Amino acid sequence: MIGRLVEYDSGAEAELSDNQLIERTLAGETDTFNLLVRRWERQIYSLALRMTGREEEARDVCQETFLAAYRSLGSFRGEAKFSSWIYRIALNACHSRLRRQGTASELSLDETDDEGRRIEIADVSAEQAADRLHRDERVAIVRRALHALPTEMRQVIVMKEYEELTFAEIAEVLGLPVSTVKSRLYTGLQLMRAKLAHLREAI
Amino acid sequence: MTPNYLSSSACGRQEDLIAYLYNEASRDERAGFERHLKECAGCSADLKAFQNVRHELELWQAPFAPRLEITLPKSRWQALGELLALFPLWLRLAAAGAVVTAAALVLFSILGTTVSIGSGGVSVAFGQRQSVIERPADLKPAPAGLLTRAEAEAMIEQAVAAARMKSQTETQVQLAALEQRLNVAHEAKLANLTRKLRNDYRQMLAGLNQPSLREWLFAANEEPETEVKDNEKSN
């Protein structure tokens with residue numbers, strides 16, 4: 001759900017929509033932009049952390065995202081939601097950093113299917129997993145599995161699971177048809193399932 | 001785009017499964033897919049596996065987001081304002097004075113005003129400059145009936161002198177009026193002040209004659225006998 005967070009705002013500005021804040025910023029009230037930052041920084045940081053896997057990277061991505069948004073605010077048309085626009089900027093910033101990090105750790109579709117047959121995975125229920133591993137270890141496995149996903153799968157899973165966007169909203173951010181978003185989610189979940197099982201067995 | 005699913009089933013209902021999993025299917029779609037789940041082992045297995053994956057993903061809780069401190073690039077005017085604010089007040093006033101003077105000079109030059117400092121003091125003449133166009137010497141003399149160059153120059157000089165004289169006279173008249181007004185105001189203020197001082201003095205004297213005040217003033221170092229003498233003197 002986009003545009004649901006207003007708890008960082010206070011005073012009369014809390015009533016203003018994202019677009020109204022943008023208009024004021026463009027009219028010269030540059031400090032108004034800080035209200036937009038307060039409204040969206042948590043989501044952008046959360047997205048960046050799940051995409052990059054590192055806190056310092058997430059902080060840098062956040063900074064870059066809002067500065068880039070401020071610089072190109074004049075080009076924001078208001079046809080898309082501000083949230084979609086800023087998520088897109090943040091994802092681009094994440095991709096640039098991930099490219100620099102290298103993508104060797106990514107799990108490719110071919111790699112997963114290289115034995116020439118459909119993967120058979122013995123699913124482990126959450127209860128069984130809890131018996132075997134501590135919570136912190138399970139979180140570490142989730143982080144590693146998510147980081148190993150191809151970027152296009154990871155971003156849809158992050159936006160759906162952590163940002164709670166709808167299929168239509170994810171499609172707007174990425175400029176893709178809704179059906180593609182669903183198919184990427186399906187593939188991403190299958191890869192996560194395989195990677196989680198693999199990492200658990202390795203322990 | 002052809003979906004490249006790692007599907008557990010070949011039924012082709014993967015997107016329906018995703019919509020069902022994330023609760024974005026309509027009521028009819030949900031009912032239809034639930035009927036399908038009873039018949040399709042692949043979709044049932046996927047659904048269960050995905051629910052487990054989602055459960056694991058949930059473990060990575062929303063982290064604490066540090067508050068961003070973003071320094072927004074300033075516009076030129078804002079930057080100039082902030083730069084000026086760093087200087088002491090006198091320097092800012094001096095800068096403002098310089099700007100005003102420069103603006104005034106530009107305005108004067110546009111209006112054609114001339115400011116000259118000579119033996120007669122500072123004189124300011126307003127209005128467009130009278131430009132004298134000199135004719136090249138090789139031109140034919142001016143036809144009869146028109147002014148000769150010397151006559152024209154004399155007339156122009158006369159007109160300029162008259163304008164200067166007029167503006168000087170006006171300035172002097174204005175200065176005299178202003179001086180007179182100031183004097184009147186000054187005299188009135190002086191008269192008021194004198195009256196007030198006189199009243200205060202009278203009140204002070206009257207106060208000294210009051211016994212209680214006298215006692216308060218002189219009690220510390222005067223004897224009672226002296227006090228009686230003082231009373232006699234004042235009477």
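Residues are numbered from 1 along each chain as its sequence is written, and chains are lettered from A and ligands numbered from 1 in the order in which they are written. Because the model is predicted, local features need pLDDT of at least 70 and side-chain atom pairs count only at pLDDT 80 or more, while totals for chains, interfaces and linings use all residues.

The model scores ipTM 0.80 and pTM 0.57. Per-residue confidence is given as pLDDT (the predictor's confidence in each residue, from 0 to 100). Chain A has a mean pLDDT of 83, with 78% of its residues at 70 or more. Within chain A, α8(A) has the highest confidence, at a mean of 97, and α5(A) the lowest, at 39. Two stretches of chain A stay under 50. Residues 1-9 are one of them, with 17 contacts beyond four places in sequence. Residues 104-121 are another, with 23 such contacts. A contact is counted if the C-beta atoms of two residues, placed from the backbone, lie within 7 Å. For chain B the mean pLDDT is 74, and 64% of residues reach 70 or more. Its residues 1-5 lie below 50 and have nine contacts beyond near neighbours in sequence. Residues 220-235 of chain B also stay under 50, with two contacts beyond four places in sequence. Where pLDDT is low, the predicted coordinates should not be read in detail.

Chain A contains ten helices and zero strands. Helices (H or I, at least four residues) and strands (E, at least two) are DSSP runs, numbered from the N terminus. Of the 203 residues of chain A, 37% are buried. A residue is buried if 20 or more other C-beta atoms lie within 10 Å of its own, exposed if 12 or fewer, and partly exposed in between, with C-beta atoms placed from the backbone. Among contacts in chain A between residues at least 6 apart in sequence, 72% join residues at least 24 apart.

One helix pair in chain A is α2(A) and α4(A) (residues 82-101), whose axes come within 10 Å and cross at roughly 30°. The two helices are therefore roughly parallel. Axes are lines fitted to C-alpha atoms, for helices over the stretch in contact, and angles run from 0 to 180 degrees between N-to-C directions. Angles under 35 degrees count as roughly parallel, over 145 as roughly antiparallel, 65 to 115 as roughly perpendicular and the rest as oblique. The crossing is right-handed; that is, the near helix is turned clockwise from the far one by less than a right angle, anticlockwise being left-handed. From α2(A), the contact includes A:Trp40, A:Ile44 and A:Leu47. Residues on the α4(A) side include A:Ile86, A:Tyr87 and A:Arg97. By class, the contact holds ten nonpolar, two polar and one charged residue. Here Ala, Val, Leu, Ile, Met, Phe, Trp, Tyr, Cys and Pro count as nonpolar, Asp, Glu, Lys and Arg as charged, and the others, Gly among them, as polar.

Helix α8(A) is largely enclosed by the rest of the structure, because nine of its eleven residues are buried. Among them are A:Arg154, A:Val156, A:Ile157 and A:Lys160. Their cover includes α2, α4, α7, α9 (167-174) and α10 of chain A, together with α3 (41-58) of chain B.

Two loop residues follow. A:Glu163 sits in the loop between α8 and α9 of chain A. It is partly exposed, because it has 19 C-beta neighbours inside 10 Å. Beyond four places in sequence, A:Glu163 touches A:Gln43, A:Ser46, A:Leu47 and A:Val158. Its C-alpha atom is 7.9 Å from that of A:Ser46, 117 residues apart along the chain. A:Gly175 lies in the loop between α9 and α10 of chain A. With 9 C-beta neighbours inside 10 Å, A:Gly175 is exposed. A:Gly175 and A:Ser84 are 91 residues apart in sequence and 9.9 Å apart, C-alpha to C-alpha.

In chain B, helix α1(B) (residues 14-21) is mostly covered, with seven of its eight residues buried. These buried residues pack against α10 of chain A, together with α2 (27-39) and α3 of chain B. Just after α1(B), B:Asn23 takes a positive phi of about 60°.
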